[in-house]
Amino acid sequence: MERHIDIGDYRYDLPDERIAKFPLEDRSASKLLVYRKGEISHTTFSDLAEQLPQKSLLVFNNTKVVRARLIMHKASGARIEVFCLEPHTPADYERAFAVRGECCWSCIVGNLKKWKEGFVNIDFEYNGQAAQLRAEIAERGSREHIVRFSWNADMTFGQLLEYLGRIPIPPYLNRESEESDNTRYQTVYSKFEGSVAAPTAGLHFTDALIGSLRDRGFLFEEVTLHVGAGTFLPVKEQNAALHPMHTEHFDVALSSLRNLREHLGSITAVGTTSVRTLESLPALGWRIRRGEDITGSPVGQWEPYEIPHDYSGGDALDDLISYMERNNTEHLKASTRIMITPTGFEFRIVNNIITNFHQPESTLLLLISAYIGDEWRRIYAYALDNGFRFLSYGDSSLLMR
């Protein structure tokens, strides 16, 4: 099927002053736009319980942002920025952060023209001992390069990044990361390291708000999707259907699938990354139904569009649960490249979405349009007219069809 999505249809005027450069002091004090069956209103995020359908199951993405930016130098003094995107050797996230001495990562390199060959390094002190982190390009690519790291300190690569790295705040903030970003560009429920961008819809939640929601009967579930730098890649093609989606890795526990199955029909995804994870599950379930391998390759960019209409979210969860029980598997580890667009995407798992306000002409805005259609224009106009702050550190919305 030939798809055409004119990216110009997803353009709106976003003045620079409406982009939130810093978060509010109180996470839950941000504004919350509420879209319910065509009606738009707004309140504060701390009043979320008053707006959600009773007994909603909220699904969080519990990924943790890694201090993935390393500022290194050549012997000549040239400054080289190495941005770690995803592990290459070892490729598994858990092993990649636990390895000692040497590893390889897929990276974006800043000031690459100054790094033709040889090593760059960081000299540092650890436990009173002089130490060094060295890096060399093992394999060059068009945008990303395989970088080999080696170090002589008695620490894992995860500890090394925590010690030497910087939080990779979004490029559109046009500022250097600050100490406060280390905690504020991280959800309070983050657990598993692997993201280079925060699942920002979750930044509005506090421990107190989660406790209050729990006390009022709301339910919670967690999935893990490690957010890649591709989330910031602009759509350069006029026909957005030609935009190549990046791969992101996710992990969903068997117990989570059972919980999703039990509460299907009342699921609120917190953030577009939770949406992408949940809506990738039907494609894997359909693979099982057809007797195909489910983890050997990412869920394809257009794969969910090929699922028959009568194959429901419940069918998919049943198939996945049965598969995992048969194979005595507690965790579904897979990856996805899905592109959720308003060209016939069918939401099979997600009922409501909590999300921030996204960049013009972005894949995330396409996802929102897939969920609420052209109503996104009215919603974004309302947000601009009512002083909402936009993008990662900005305000939020609760979208209910």
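How many nonpolar, polar and charged residues does the lining of the largest cavity have, by class? Hold that thought. Some ground rules come before the answer.

What you see is a predicted model, where local features need pLDDT of at least 70, side-chain atom pairs count only at pLDDT 80 or more, and totals for chains, interfaces and linings use all residues. Residues are numbered from 1 along each chain as its sequence is written, and side-chain values use heavy atoms, with hydrogens and water left out.

Now, empty space. Rolling a probe the size of a water molecule over the atoms shows where empty space is left. We work on a 1 Å grid over the protein atoms alone. A cavity is a set of points where a 1.4 Å probe fits but cannot get out. A pocket is an open set with protein on both sides within 12 Å along at least five of seven lines. Lining residues have an atom within 4 Å of a point. Grid points are joined across faces, edges and corners, and a volume is the space filled by probe spheres set on the points.

Cavities first. By this rule there are three cavities of 30 Å³ or more. The largest cavity holds about 390 Å³ of space. It is lined by 31 residues, and closest to its centre are Thr200, Thr231, Thr272, His358 and Leu364. Back to my question: the lining of the largest cavity has 16 nonpolar, 13 polar and two charged residues. In this count Ala, Val, Leu, Ile, Met, Phe, Trp, Tyr, Cys and Pro are nonpolar, Asp, Glu, Lys and Arg are charged, and the others, Gly among them, are polar. α7 (272–278), β16 and α10 (363–372) each give at least two residues to that lining. These labels are DSSP runs, numbered from the N terminus: helices are H or I with at least four residues, strands are E with at least two.

The second largest cavity has about 80 Å³ of space. Its lining includes Asp26, Arg27, Arg184 and His204. By class, that lining splits into four nonpolar, four polar and four charged residues.

Leaving aside neighbours within four places in sequence, Thr206 is in contact (heavy atoms within 4.5 Å) with Asp26, Arg27, Ser28 and Val188. Thr206 is found in the loop between β11 and α5 (207–215). Is Thr206 buried or exposed? At 17% relative accessibility, Thr206 counts as buried. Buried means under 20% relative accessible area, exposed over 50%, and partly exposed in between, with a 1.4 Å probe and protein chains only.

Next, pockets. About 610 Å³ of space lies in the largest pocket. Of its 27 lining residues, Glu94, His226, Phe250, Asp251 and Lys333 lie nearest the centre. β13 gives the largest share of that lining, five residues. The lining has ten nonpolar, nine polar and eight charged residues.

The second largest pocket has about 330 Å³ of space. It has 17 lining residues, with Phe83, Ile169, Pro170, Pro171 and Phe232 nearest its centre. By class they are ten nonpolar, two polar and five charged.

In α10, ten of its ten residues are buried. Its cover includes β1 (31–36), α7, β16, α11 (375–385) and β17 (396–400). Gly373 follows α10, with a positive phi near 65°.

Then α8. Eight of its nine residues are buried, so α8 is largely enclosed by the rest of the structure. Its cover includes β13, α6, α7, α9 and β15. Gly291 follows α8, and its phi is positive, near 75°.

Last, rings. The whole structure has 26 aromatic pairs. Rings of Phe, Tyr and Trp (its six-membered ring) pair if their centres lie within 6.5 Å; planes under 30 degrees apart are stacked, over 60 edge-to-face, and the rest tilted. Tyr305 and Phe345 form an edge-to-face pair, at 5.4 Å centre to centre and 75° between the planes. Tyr305 lies in the loop between α8 (281–289) and α9 (313–326), and Phe345 in the loop between β15 and β16 (352–356), so the pair ties together parts that are 40 residues apart in sequence. Tyr305 is buried at 16% relative accessible area, and Phe345 is buried at 10%.

Arg3 lies over the face of Tyr305, 4.7 Å from the ring centre. Arg175 lies over the face of Phe22, at 3.9 Å. The rule here: NZ of Lys or CZ of Arg within 6 Å of the ring centre and within 35 degrees of the ring normal.
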